[in-house]
Amino acid sequence: MKKLAILVCVLGLTVPSAFAQASKGPMTGLWKCTLKIEGGAPDQQGEMDLKQDGKDIKGTGSNSGGSAPIKGTFDDPNFKIVVQGGDSEWNIDGKLTGGKLVGTFAIAAMQVKGGIECSQAESAAAPLAGT
């Protein structure tokens, strides 16, 4: 009976966190991105901090020019994201493949387009208490 009580306690602590981790969605997290601009312009670096809720994506995109809100959708493995940067919309379409976001982007107002590839940033481990 004591073993059963311990098992129930252990499962009670671990199962909810496992479900919480699984329910966050594969697009959730901080993504480090490289934008390859057509026409020979230098590659640009940026980040997307995304939160997925079902098929909906929200978050913030940032680069050397500042930050802007993101909204979009994810229909595994395809995603569509719009970054509203001032008067310009950045449209990003692609796929989640091999743990990376790979696709294309276009900024119609600036007549700029190209490819984008993003890798999920590794989360820093929390320091141990008392260190």
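**Gln111.** I looked up Gln111 and got 76% relative accessibility, so Gln111 counts as exposed (buried is under 20% relative accessible area, exposed over 50%, partly exposed in between, with a 1.4 Å probe and protein chains only). Its phi is near 50°, a positive value in a residue other than glycine. I find Gln111 in the loop between strand 7 (100-107) and strand 8 (112-120); strands here are DSSP runs of E with at least two residues, numbered from the N terminus.

**Ground rules.** I am reading a predicted model, where local features need pLDDT of at least 70, side-chain atom pairs count only at pLDDT 80 or more, and totals for chains, interfaces and linings use all residues. Residues are numbered from 1 along each chain as its sequence is written, and side-chain values use heavy atoms, with hydrogens and water left out.

**Hairpins.** I checked the pairing of strand 4 (residues 66-75) with strand 5 (residues 78-85): they run antiparallel and are joined by six bridges (two strands pair if DSSP finds at least two bridges between them). The two form a hairpin with two residues between them, and Phe74 has Phe79 in strand 5 as its bridge partner. Pro77 sits in the loop between strand 4 and strand 5. I looked at the peptide bond from Asp76 to Pro77 and found it cis, with omega near 10°.

Next I followed strand 5 to strand 6 (residues 88-97), an antiparallel pairing over eight bridges. Gly85 is bridged to Ser88 in strand 6. In this hairpin, again with two residues between the strands, Gly86 has a positive phi near 65°.

**Aromatic pair.** How many aromatic pairs does the structure hold? I count one. The ring centres of Trp90 and Phe105 are 6.1 Å apart and the planes are at 25°, so the pair is stacked (rings of Phe, Tyr and Trp, the last by its six-membered ring, pair if their centres lie within 6.5 Å; planes under 30 degrees apart are stacked, over 60 edge-to-face, the rest tilted). Trp90 belongs to strand 6 and Phe105 to strand 7, so the pair ties together parts that are 15 residues apart in sequence. Trp90 counts as partly exposed because its relative accessibility is 22%, while Phe105, at 3%, counts as buried.

**Disulfide.** My search of the whole structure turned up one disulfide, meaning a pair of cysteine sulfur atoms within 2.5 Å. The bond joins Cys33 to Cys118, S to S 2.2 Å. Cys33 in strand 1 (residues 29-37) and Cys118 in strand 8 are 85 residues apart, so I note a link between distant parts of the chain. The torsion about the S-S bond of Cys33 and Cys118 is about 110°, so the disulfide is right-handed. I ended with the largest pocket, of about 290 Å³ (a pocket is an open set of points on a 1 Å grid over the protein atoms alone, where a 1.4 Å probe fits, with protein on both sides within 12 Å along at least five of seven lines; lining residues have an atom within 4 Å of a point). Its lining has 19 residues, and Gly61, Ser62, Asn63, Val83 and Trp90 lie nearest its centre. The second largest pocket has a volume of about 160 Å³, and I noted Trp90 and Phe105 among its lining residues.

Notes:
Helix = DSSP H or I, 4+ residues; strand = E, 2+ residues; numbered from the N terminus. Points joined across faces, edges and corners; volume = space filled by probe spheres on them.
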